[in-house]
Amino acid sequence: MKSRNRLAVGLSAAALAMTGLAAPASATTEAEPTVRQLLEQCENGNTDLCEFHPSGPPETYRGAYELVGGATNCSEGTSTRIIGWQSSRSTTTNVSVTISAGVTLGEVFEAGFEASYERQWSWSTTKSDEIRHELGPDQAVNIYAAPMRQKVTGTYELHFGDPYYGHYYWYVNDVTVDGPQENPAWETRVESKPANC
C-alpha cells in the first residue's frame, strides 16, 4: 500500500512572497505546485475530494466608503435636492483564482460555510436609495456609501487518487473570502466639495 504524505501549503500573499510553499523534511525534491495550480485542480474536478474548512467564525466589519453620487448647485439661491444613488458590492478573495457563485470553488466554499454556520453566503448586494440635501449657492457635494461586510478564513483540503506532485493530500491554508453581509446595513455620508460652476 502506498504511503500517503500530508503537505500544508501556506496561502497568504505575504507569506508566499517571502517564504514560498513549505514542504516537510521528508518531502521529495520534486517541484511543488503553486496555489493556483492546486485550486485549479479542484475547480476542474481533478480531485477525489475538495472541501473548504473555515478556521474560525466570520468577521463582520464596515466596508470601505465608495463614491456613489453627488450634486451641484450653480444657482444664486439655496436649492433642496433629492439625490439618488446606487451601489453594488461583490465577493473578493486573497487568492489568484476566482471563487464565486456558480463555479466549483465557490460551491465548495458555500458548502463548507453553510455546514459550519447554518446560513447562506451572500455573494453580492446592490442598494438603491436617495438623500434629501440642501445646497447653498455654488455648492457641491459627493455621496459615499458603505455596507456591512463579512470575511471568513479557512483551508481547502484536496485528496488525489494518484499522487499529485508526489502527494495524495494537499492543503491550501489561509484562504480568505470577503463578501457583503446578508441584507447588509448601509451607511452613507455627504461631503462638500468645490463647485465647478
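The protein chain exposes about 10,600 Å², of which carbon and sulfur atoms supply 45% (Shrake-Rupley method, 1.4 Å probe; for residues, only the protein chains shown count as cover). The model is a predicted one, in which local features require pLDDT of at least 70 and side-chain atom pairs pLDDT 80 or more, whereas totals for chains, interfaces and linings draw on all residues. Residues are numbered from 1 along each chain as its sequence is written, and side-chain values use heavy atoms, with hydrogens and water left out.

The secondary structure of the protein chain amounts to 3 helices and 10 strands (DSSP runs numbered from the N terminus: helices, H or I, of at least four residues; strands, E, of at least two). From the N terminus on, the order of elements is β-α-α-β-β-β-β-β-α-β-β-β-β. Of the 197 residues, 39% are buried (relative accessible area under 20%, with exposed being over 50% and partly exposed in between; 1.4 Å probe, protein chains only). Among contacts (heavy atoms within 4.5 Å) with a separation of 6 or more, 81% involve residues 24 or more positions apart.

The whole structure contains 11 aromatic pairs (rings of Phe, Tyr and Trp, the last by its six-membered ring, with centres within 6.5 Å; planes under 30 degrees apart are stacked, over 60 edge-to-face and the rest tilted). F52 and F109 pair edge-to-face, at 5.0 Å centre to centre and 65 degrees between the planes. This pair links distant parts of the chain, 57 residues apart, with F52 in strand β2 (residues 49–54) and F109 in helix α3 (residues 104–117). F52 is buried at 3% relative accessibility, and F109 is buried at 0%. F109 also forms an edge-to-face pair with W121, at 5.1 Å and 90 degrees. Because F109 lies in helix α3 and W121 in the loop between α3 and β7 (124–135), the pair ties together parts 12 residues apart in sequence. W121 is likewise buried, at 5% relative accessibility. F52, F109, F113, Y117, W121, W123 and Y156 form one aromatic cluster.

W121 is also among the contacts of D178, which include Y61, R149 and K151 when neighbours within four places in sequence are set aside. D178 is located in strand β9 (residues 167–180) and is buried, with a relative accessible area of 12%. The side chains of D178 and R149 are joined by a polar contact of 2.9 Å (N or O atoms within 3.5 Å; within protein, one able to donate a hydrogen and the other to accept it, residues adjacent in sequence counting only if both atoms are side-chain atoms).

The charged end of K151 sits over the ring of Y61, 5.3 Å from its centre (NZ of Lys or CZ of Arg within 6 Å of the ring centre and within 35 degrees of the ring normal). R189 lies over the face of Y65, at 4.3 Å from the ring centre.
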